[in-house]
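Hello,

Here is the structure I promised to pass on to you. Have a look first, and then read on for my notes on the side chains.

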Amino acid sequence: NFSLYAVINECLLWGHREEVELFPNWDTRKAASFCSLRTKGAFLVDAACGEGTVAYVKVLSEHGGTFNLKNPWEKAVDQNGNVFTDSLIHIPMAKDQEITLREYM
């Protein structure tokens, strides 16, 4: 049923706008995860949360372009050590490029 998918998707990921928001309608104290949800701009997103925070987000760009993420942490870091402190993260990505972001401690 398409309507059930839409409800679940709305709890886990808002990806239909210019910026992606993770777990917008989910209590992050409760564990949840998803894999390969497609967002506007042909980005596939995986993420997990629990214990009150987002654990990670992994993004695969199917087309190339700028991935815009509402920063779920005070500071985020990618797998290359780049630190992001703004409330909105902008990451230019090439086709088939993958990035992983986590909270910067």
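A residue is called exposed when its relative accessible area is over 50% and buried when that area is under 20%, with partly exposed in between. By that scale Cys35, at 59% relative accessibility, counts as exposed. Please keep in mind that this is a predicted model.

How many disulfides does the structure hold? The count is zero. A disulfide would need two cysteine sulfur atoms within 2.5 Å. For Cys35, the closest cysteine sulfur belongs to Cys49 and is 13 Å away, which is too far for a bond. While Cys35 is exposed, Cys49 counts as buried, with 6% relative accessibility.

Next, the aromatic rings. There are two aromatic pairs in the structure. One of them joins Phe23 and Phe34: the ring centres are 5.5 Å apart and the planes stand at 55°, a tilted arrangement. Phe23 sits in the loop between strand 2 (21-22) and strand 3 (32-39), while Phe34 belongs to strand 3, so this pair ties together parts that lie eleven residues apart in sequence.

Phe43 lies in strand 4 (residues 43-50) and Phe67 in strand 6 (residues 65-70), so the pair links distant parts of the chain, 24 residues apart. Both partners are buried: Phe43 has a relative accessible area of 4%, and Phe67 has one of 1%.

Now for the charged side chains. The count comes to eight salt bridges, and I will walk you through some of them.

- Arg38 and Glu62 meet in a salt bridge, with 2.9 Å from N to O. Arg38 is in strand 3 and Glu62 in the loop between strand 5 (53-61) and strand 6, so the contact ties together parts 24 residues apart in sequence. Arg38 is exposed, at 52%, whereas Glu62 is partly exposed, at 27%.
- Lys58 pairs with Asp46, and their closest N and O atoms are 3.6 Å apart. This pair links distant parts of the chain, with Lys58 in strand 5 and Asp46 in strand 4, twelve residues apart. Lys58 counts as partly exposed, at 28% relative accessibility, but Asp46 is buried, at 12%.
- Asp96 forms a salt bridge with Lys95, and here the closest N and O atoms are 3.6 Å apart. Asp96 is exposed, with a relative accessible area of 52%, and Lys95 is exposed as well, at 55%.

Best wishes

Methods: Residues numbered from 1 in each chain as written. Predicted model: local features only at pLDDT ≥ 70, side-chain atom pairs only at ≥ 80, totals over all residues. Heavy atoms only, no water. Phe/Tyr/Trp six-rings, centres within 6.5 Å; stacked < 30°, edge-to-face > 60°. Helix = DSSP H or I, 4+ residues; strand = E, 2+ residues; numbered from the N terminus. Buried < 20%, exposed > 50% of the residue type's maximum accessible area, 1.4 Å probe, protein only. Salt bridge = Lys/Arg side-chain N within 4 Å of Asp/Glu carboxyl O.
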